[in-house]
Amino acid sequence: SNGDSVVTLLDYGAGNVRSVRNAIRYLGFDIKDVQTPEDILNANRLIFPGVGAFAAAMDVLTKNGQVFSHFLACLAKQEYDGLVAAFCSLAEALSAYIEKDRPFLGICLGLQLLFESSEENGLVNGLGLIPGVVQRFDSSNGFRVPHIGWNALQIRKDSEILDDVGDHHVYFVHSYRAMPSDKNKDWISSTCNYGDNFIASVRRGNVHAVIACLDVRTNDKGDLVVTKGDQYDVREHTKENEVRNLGKPVELAGQYYKDGADEVTFLNITGFRDFPLGDVPMLQVLRYTSENVFVPLTVGGGIRDFTDVNGRHYSSLEVASEYFRSGADKISIGSDAVYAAEEYLRTGVKTGKSSLEQISKVYGNQAVVVSIDPRRVYVKDPSDVEFKTIRLTNPGPNGEEFAWYQCTVSGGREGRPIGAYELAKAVEELGAGEILLNCIDCDGEDDFLVSLDVINWELNRQGKGFDVDLVRLISDAVSIPVIASSGAGAVEHFTEVFSKTNASAALAAGIFHRKEVPIRSVKEHLLNEGIEVRI
Ligand code: 1PR
């Protein structure tokens, strides 16, 4: 019922795809046929066994697949994703689906259509996702065309889908192929030699990342330390009430890099009240870390316009530039993105002046992460609130079946009148390239010695896994990558979030700092569970 046993099949009626249907059923899956572009957007996994000619296939794909009655039905049911799909073609839905890095298998023409164009029927544009032109084999060198028969693949990069193919021999029947080039080399997973070395398979994306996060702040002695909160409270529950000190930022980042972290994130958690450019140690942490850590480094905290005590004004772009100059690959905006999204939703105008818009304009979307710090608000009836609610897997303390996720600023101190769903969609439009999705309810360790209140303890989600309801809501709402964060307590939690949601990466802090679970174990577990990771 949750779609886990279903494979969506894009059969546009041009040929025989029975063997593909049989194979899917043999593997124990049910088949859902694509009827509308919306079926593509809603698929959990999609197979496109292209058969026939390039031009005819593109013709079908680019026609508007929707009928007016479907549009009216969506309108009546207030299914707005359906409304969007009503205006898009199968080709647009397919491109959006693949660009979102959702599970996709294209076979034969289903692969060729991803290229820029094909010469099969004169020059016809393809979906343009992979650089290159599909051309006819050159028969002048003595090789018969079409190329028909079994041939061996030369594996170019790990592609587990080919591992079980006997001796890497597969059967070909085709006259057209795309050739490897500098522009598409990152895509190629295998080639085959038939007169020339053509592209036999491509593979990209859908590799999940594990990110180590270091929340950094100055402790009461003035040292910059890695700390970790419980639901964002970073002070020890002792008489001294000190800031929890879990180590030195540069050392820990280096350690996590060696342990196999795919990315490292620093969050300067008091940046909202301090001025980051005055925080020279933080910039030094970045400089030293980037000398030895060769995975992407993200830094967040305090990215906003600021006027110092001498009246000198610094723009958020200057703050971000200094972070980039010091070694950051991406910057992350928290509070300021909430204000920008609120204003955008209120006025409907993109002013271009927010930190988010300015930084993404100069450094590119891929360099701008928006960090969301939502808190769950239980409601009995979705119509009680103006924000997007979800039906909860685990009901609330008073049996509430719904919740919305309220965005906060200043490290969770202030709740704002905007939900995580509304924020995510707005910041995507304003230029965010990625979303770091925290959840205050799930953050940190479940310290039940402190919370002796039994009901609270039972409801406590800390260390019990990512908030799958929330991650699913947001990762389905936007087409930029979403990093799931908060609540990881065991290796299984990573598998859960990757298998049940469209998160591209998962971030954890506490379990790594407390040395409960090494990063390597997380990645080995994911690999054993069939989830692709970089080892
Ligand atoms: O608002 O632009 O100055 O950015 C401040 C940044 O600092 C935001 O990204 C915000 O998330 C972060 N932040 C502020 N206060 C805290 C705090 O903990 N008191 N930390 C804080 C956020 C949350 C996660 C954490 C995960 C995983 N930390 O990043 O690492 O919840 O933890 P877990 O695996 O132990 O559950 P601005």
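The model is predicted; local features need pLDDT of at least 70 and side-chain atom pairs pLDDT 80 or more, whereas totals for chains, interfaces and linings use all residues. Residues are numbered from 1 along each chain as its sequence is written, and side-chain values use heavy atoms, with hydrogens and water left out.

**Entry 1: the ligand shell.** The shell divides into eight nonpolar, twelve polar and four charged residues. Of these 24 residues, Lys228, Ser335, Asp373, Asp443 and Ser486 come nearest. Strands (DSSP runs of E, at least two residues, numbered from the N terminus) contribute as well: β13 (209-218) and β27 (505-508) each supply at least two shell residues.

Entry 2: I then checked polar contacts (pairs of N or O atoms within 3.5 Å). A side-chain N or O atom of Ser371 is 2.7 Å from a ligand oxygen. Backbone N or O atoms of Ala509 and Gly510 each lie 2.9 Å from an oxygen of the ligand. The ligand taken alone exposes 770 Å², of which the protein buries 98% (Shrake-Rupley method, 1.4 Å probe).

**Entry 3: a sheet.** I traced an open sheet of four strands, in the order β6-β5-β7-β10 with mixed pairing (at least two DSSP bridges per pair). β6 (124-125) and β10 (176-178) are the edge strands, each with a single partner, so one side of each has no neighbour in the sheet. β5 (residues 115-118) runs antiparallel to β6 and is joined to it by two bridges; Ser118 has Val124 of β6 as its bridge partner.

Methods
Near = heavy atom within 4 Å. Polar contact = N/O pair within 3.5 Å; in protein donor to acceptor, adjacent residues only side chain to side chain. Nonpolar A, V, L, I, M, F, W, Y, C, P; charged D, E, K, R; others polar.
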